[in-house]
Amino acid sequence: MMDLQRKLKEYVERFNTLDEECYLQAVPNAQAYEWLKEQIPLLECPDAALEETYYFRWWTFRKHWKETPEGHIVTEFLPEVYWAGPYNSINCACCHHVREGRWLADPSGWMKEYIRFWLNRKGDALSYSTWLASVVEDYCRLREDDAFAAECLDGLVSLYHSWEEKALQPCGLFWSDDDRDGMEFSISGPGLRPTLNAYLYGDAMAISRMAERAGRKQLSVAFRQKAETIREAMDRLLWDGDFYRTLPCVKGAPVDSSARPAVEENHRVRELVGYLPWYFAMPEQGKEAAFRQLLDPKGFFAPWGLTTAEQRHPRFGFFHEHECLWNGPVWPFATAQTLTAAARLLREYPPTDAFTQEDYWTLLRQYALSHRQRGADGRFRPWIDEKMDPYTGDWTARSQLKADHWNPQRGGYERGKDYNHSTFCDLVLDGLFGIGADCEGNLTARPMVPKNWAYFRVEGVPHAGKRWTVLYDRDGSYYGRGAGIQIFEKEIE
């Protein structure tokens, strides 16, 4: 049985050798191995591409820790960008950061410092739409930390009320600009979008559950009602018979709240954001056929990943000179959200032939393989950047910025390199392996691994103040410790 720390060291040494370390923050490459071996769950599995990408994404995530006077934060871009807030903070991907970072051992509490940074409004927590209460609950559930959940509760309630003041419309839904969803130049455009509405449904449900655990019954009931109001309005105004779609409109314009108004074809489009309601288990049963679009080449399935808009739409990939377009390219941000939603569909809804565990594996492995960039020598190396051409695998935002000679006004040299705008490791640990805590607080694993996998091992899962090993051996012959799933406890040193 291979020593997983040795495996990690080999990966880190390779990644360091291939890397041009352009920007240094709290944990530089020279300290990467020592930091990661104490922090991350170590992985062994039969699929080389998945395993390499898993370690690569932890190696890049580590680069984004930044020490500030307000504590440690996680950055989205490594270079300073003019549209960021204090200390180069941007809240757009902060929920991806928390959901990914909850798997770190984190004995120094950096992730709590980061969560407090947003809740204490040290950064602009309303700059982009987020689902912070939901991921704070995810963090606390995995780690069995009800005390921290109770500490965060008032800040999360205050943030929710701020969203109500900023964006709630008389029809009961929230208005958002696609740019402020981090999804500029979409086909659907601004309006009542599945994004912010699903996020705030998820946040209201999370606040309700956290309030109930904290003994704040009245608050719990109030936020559950807020969630139900959003769910009913989304089904009435955003569900178009087969998909959740944006209802384009001007902020403040009156909307007939009794039924979905007609939408002109130029903006009536399926987009990956239509799966966000399942990220929070919002839809009732009966809408699962929407997931057929994920494997449809006229829908979202393309050779290099999931397109952000359906390919059959006449405005798919419309021309615009800006480097950040959400009119069709592959964006890891949206891929990660969609796969999280898909995993929840598979575990919390009745089985459906519209989307299967095998389909999830197909898309997760495709996502793993997309973490590539062709170097000057013609060889591929591990890479993560902003958006990708779905048919060639080119990181097109990077190509445009390079052609502009890394213009400082657009973010400077290698702006998108090691971009921290999505999850991956969480999709393996939570999505593929189904590791999590049940309602009694026990660590469990409900894997959806391919049928040909004989084994996998994860060492160092943080839960309830301890580290755990989750081991799968199909027939007991690989590890020699028995067949099936086994979970072992190890104290955090």
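## The second largest cavity

By class, five nonpolar, two polar and two charged residues line the second largest cavity (Ala, Val, Leu, Ile, Met, Phe, Trp, Tyr, Cys and Pro count as nonpolar, Asp, Glu, Lys and Arg as charged, and the others, Gly among them, as polar). Those residues are Met-183, Ser-186, Arg-193, Glu-271, Leu-272, Val-273, Thr-308, Trp-326 and Ala-334. The space inside comes to about 60 Å³.

Some ground rules: this is a predicted model, where local features need pLDDT of at least 70 and side-chain atom pairs count only at pLDDT 80 or more, while totals for chains, interfaces and linings use all residues. Residues are numbered from 1 along each chain as its sequence is written, and side-chain values use heavy atoms, with hydrogens and water left out.

## The largest cavity

Searching the whole structure turns up six cavities of 30 Å³ or more. On a 1 Å grid over the protein atoms alone, a cavity is a set of points where a 1.4 Å probe fits but cannot get out, and lining residues have an atom within 4 Å of a point. Grid points are joined across faces, edges and corners, and a volume is the space filled by probe spheres set on the points.

The largest cavity has a volume of about 100 Å³. Its lining splits into six nonpolar, no polar and five charged residues; among them are Phe-15, Trp-59, Arg-381 and Asp-418. Helices (H or I, at least four residues) and strands (E, at least two) are DSSP runs, numbered from the N terminus.

## Gln-373 and Arg-381

Arg-381, one of the residues lining the largest cavity, also has a polar partner: its side chain meets the side chain of Gln-373 at 2.9 Å (a polar contact is a pair of N or O atoms within 3.5 Å; within protein, one must be able to donate a hydrogen and the other to accept it, and residues adjacent in sequence count only if both atoms are side-chain atoms).

Gln-373 sits in strand E9 (residues 372-374). Is Gln-373 buried or exposed? Gln-373 counts as buried because its relative accessibility is 10% (buried means under 20% relative accessible area, exposed over 50%, partly exposed in between, with a 1.4 Å probe and protein chains only).

## A hairpin

Strands E2 (residues 65-68) and E3 (residues 71-74) run antiparallel, joined by four bridges (two strands pair if DSSP finds at least two bridges between them). Two residues separate E2 and E3 in this hairpin, and Lys-66 stands opposite Ile-73 in E3.

Notes
On a 1 Å grid over the protein atoms alone, a cavity is a set of points where a 1.4 Å probe fits but cannot get out, and a pocket is an open set with protein on both sides within 12 Å along at least five of seven lines; lining residues have an atom within 4 Å of a point.
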